[in-house]
Amino acid sequence: MKKKLIALVLSLGLAGCSNDSTKDEKSKVDSTKQETTAPAAKEETSSGKLTEEKFKQIKEGMTFEEVFNIVGSKGKVISESGTDGDSNHTVIYEFETDGSFSTANMTFQGNKLINKTQIGMGSSDVKITIDQFNKLENGMTEAQVFEILGGEGDLISESGNFKIYTYTGEKTLSSISITLQDGKLLNKTQMGLE
């Protein structure tokens, strides 16, 4: 009887130890899971923001789903006209961006992207002078324009065969904007260049 009692106590003791070690292991696994899932949640938050790189990947004719997959979020509807399913059904989405003073909109018609616009997300470091601006002539090719200006500026809008780029001037608060149609300079505008 004494042997059975000792065996029972040892069994219960070992079972208790086993439960404690199992709890410790479970606790370690749970804390590891928490450590690995916390950064992932942070990445998901930032991945739902529209960045300049994502903006450049988005092309005219893409569907809602294709754009949402690139951005990582659906954005917010800011305007809608027509009836869902109609070819003229037009929806404008605003997307959260990764910049403090930036914004971006995408316009869809019949579930196809027809325009993308952003302000403040660009990272072009090309600085423009009045001499460069004055060398630009309407009708020049995109390549000729970029050569004169020293590179590609910040693409702020693209719709069909129209593209609008902005460049910062060397002087504070100076800038230019150029509009290209079918790969040729259609318009140039400057502010504050001297």
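**Exercise 1. Find the partner of E158 and describe the pair.**

Step 1: E158 forms a salt bridge with K116, and their closest N and O atoms are 3.6 Å apart. Here a salt bridge is a side-chain nitrogen of Lys or Arg within 4 Å of a carboxyl oxygen of Asp or Glu.

Step 2: Helices (H or I, at least four residues) and strands (E, at least two) are DSSP runs, numbered from the N terminus.

Step 3: Check the cover. K116 is buried, with a relative accessible area of 3%. Buried means under 20% relative accessible area, exposed over 50%, and partly exposed in between (1.4 Å probe, protein chains only).

A word on the model before going on. It is predicted, so to speak of local features pLDDT must be at least 70, side-chain atom pairs count only at pLDDT 80 or more, and totals for chains, interfaces and linings use all residues. Residues are numbered from 1 along each chain as its sequence is written, and side-chain values use heavy atoms, with hydrogens and water left out.

**Exercise 2. Work through two further salt bridges, E142 with K163 and K171 with E194.**

Step 1: Between E142 and K163, the closest N and O atoms lie 3.8 Å apart. E142 sits in helix α5 (residues 142-149) and K163 in strand β7, 21 residues apart, so the pair links distant parts of the chain.

Step 2: Compare with the cut-offs. E142 is partly exposed at 24% relative accessible area, and K163 is partly exposed at 25%.

Step 3: For K171 and E194, the closest N and O atoms are 2.6 Å apart. K171 belongs to the loop between β7 and β8 (175-181), while E194 is in the segment after β9 (184-191), 23 residues apart.

Step 4: K171 is partly exposed, with a relative accessible area of 43%, whereas E194 counts as exposed at 69%.

**Exercise 3. Which residues line the largest cavity, and which strand gives the most to its lining?**

Step 1: Start with the terms. On a 1 Å grid over the protein atoms alone, a cavity is a set of points where a 1.4 Å probe fits but cannot get out; a pocket is an open set with protein on both sides within 12 Å along at least five of seven lines; lining residues have an atom within 4 Å of a point. Grid points are joined across faces, edges and corners, and a volume is the space filled by probe spheres set on the points.

Step 2: There is one cavity of 30 Å³ or more, and the largest has a volume of about 30 Å³.

Step 3: Its lining consists of I58, K59, E60, L113, I114, N115, K116, E158 and S159. The salt-bridged K116 and E158 are among them.

Step 4: β4 (112-119) gives the most, with four residues.

**Exercise 4. What lines the largest pocket?**

Step 1: Q118, I119, G120, M121, G122, D154, I156, T166, Y167 and T168 line the pocket.

Step 2: β7 (162-169) gives the most to this lining, with three residues.
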